[in-house]
Amino acid sequence: MQFSYKTEHFSVETDVNSYVEDYHRADYFLTFCQECKNYGRRYGCPPFDFEPLTIIRKFNKIRIIGVRITPDDPTLPLSAANELMEPVISELNKQLLIDEKKLQGLACGFVGKCPYCGDTPCARIAGKPCRHPDRVRPSLEALGFDIGKTTQQLLGIDIKWSHNGRIPEYLTLVCGLFYNS
C-alpha cells in the first residue's frame, strides 16, 4: 500500500567536539540497545568492533539531517510507520552515501531493519561478513548520541510518540554525516 504524506527537511552543522560533549551518552543509550532484539544481530547495531569515538574524532564537523514525515491520513495504524518511512529512508541513504564519498566522511543512517537486506536475516547472526559493507552504516543512536535532545535543541523538532495504536502526528528521521571542513 502506498501512503501519501508531506516531508519537511531540517539540517544543521556543528563541530564534532561540541556535539560529542553535549549529546553523546553512550553508556546510557547502550542499555537501551542491549534490550533490543537486534543487539549484536545486525551490523548497524552495537556492539561494534571499533570504538565509535575514535572514529568520530577523526572528523571536525557533523551535518545533522532531520526529516519530519506527516501522513495525510492521521488515523493510520502504527503498523504502517515502517512502510510510510521506507521511501524517505531510501532517498536519504542514497544521498548520505553520495555525500560521504564526496566529503570523505562517515555517514550515520537509521535504526531498524537493514534497507539493503530487507527481510533476509543479517549475516552477522551466522557470523558471516556483512553483505553490503559499502552501504550499511550505524545510526547516531547506535553510536551513543541522544536523538531526542539532538532533534529538539539543534533541529527544533519535538519527537512525537504513538498513542492508542495510531501513528503519531508526524514521524521524525535523523541521520548525520561526520566530515572535515
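How many aromatic pairs does the count come to? The count comes to seven aromatic pairs, where rings of Phe, Tyr and Trp (its six-membered ring) pair if their centres lie within 6.5 Å, and where planes under 30 degrees apart count as stacked, over 60 as edge-to-face and the rest as tilted. The structure is a predicted model, in which local features need pLDDT of at least 70 and side-chain atom pairs count only at pLDDT 80 or more, while totals for chains, interfaces and linings use all residues. Residues are numbered from 1 along each chain as its sequence is written, and side-chain values use heavy atoms, with hydrogens and water left out.

**The sheet and its helices**

- Four strands make up an open sheet in the order E1-E2-E4-E3, with antiparallel pairing; strands (E, at least two residues) and helices (H or I, at least four) are DSSP runs numbered from the N terminus, and two strands pair if DSSP finds at least two bridges between them.
- At the edges are strand E1 (5-15) and strand E3 (106-108), each of which pairs on one side only, and the twist from one strand to the next averages 15°.
- Strand E2 (residues 61-71) pairs with strand E4 (residues 171-179) in the antiparallel sense over nine bridges; in this pairing Arg63 stands opposite Leu177 in E4, and Arg68 stands opposite Thr172 in E4.
- Helix H1 (residues 16-23) packs on the sheet and touches E1, E2 and E4, its direction making about 110° with that of E1; contact means heavy atoms within 4.5 Å, and axes are lines fitted to C-alpha atoms, for helices over the stretch in contact, with angles from 0 to 180 degrees between N-to-C directions.
- Helix H5 (residues 147-155) also packs on the sheet, touching E1, E2 and E4, and its direction makes about 90° with that of E2.

**Strands E1 and E2**

- E1 and E2 run antiparallel and are joined by 11 bridges; within E1 lies Thr14, whose bridge partner in E2 is Ile62.
- Thr14 counts as buried at 18% relative accessibility, given that buried means under 20% relative accessible area, exposed over 50% and partly exposed in between (1.4 Å probe, protein chains only).
- Leaving aside neighbours within four places in sequence, Thr14 is in contact with Tyr19, Asn60, Lys61 and Ile62.
- Nine of the 11 residues of E2 are buried, so E2 is largely enclosed by the rest of the structure.

**Nonpolar cores**

- In soluble globular proteins, nonpolar side chains tend to be buried together.
- A nonpolar core is a set of buried Ala, Val, Leu, Ile, Met, Phe, Trp, Tyr and Cys residues joined through side-chain atoms within 4.5 Å.
- The largest nonpolar core here has 22 residues, and those with the most contacts inside it are Leu140, Phe145 and Phe178.
- Two or more residues of this core come from each of H1, E2, E3, H5 and E4, with H1 giving the most, at four residues.
- Apart from this core lies another, of 21 residues, among them Ala80, Val88, Leu96 and Ile167.

**Aromatic rings**

- Tyr19 and Phe145 form a stacked aromatic pair, 4.6 Å centre to centre with 15° between the planes; Tyr19 lies in helix H1 and Phe145 in the loop between E3 and H5, so the pair ties together parts that are 126 residues apart in sequence.
- Phe145 and Phe178 form a tilted pair, 6.2 Å centre to centre with 40° between the planes, and Phe178 lies in strand E4, 33 residues apart from Phe145.
- Phe145 is buried at 0% relative accessibility, and Phe178 is buried with a relative accessible area of 0%.
- Ring pairs link Tyr19, Tyr23, Phe145 and Phe178 into a cluster.
- The charged end of Lys149 sits over the ring of Tyr23, 5.1 Å from its centre, the rule being that NZ of Lys or CZ of Arg is within 6 Å of the ring centre and within 35 degrees of the ring normal.

**Backbone features**

- Most residues other than glycine have a negative phi, and most peptide bonds are trans.
- A cis peptide bond, with omega about 0°, joins Pro46 and Pro47, and Pro47 lies in the loop between helix H2 (26-35) and helix H3 (52-56).
- Gln104, which is not a glycine, has a positive phi of about 55°; Gln104 is found in the loop between helix H4 (81-103) and E3 and is exposed, with a relative accessible area of 68%.
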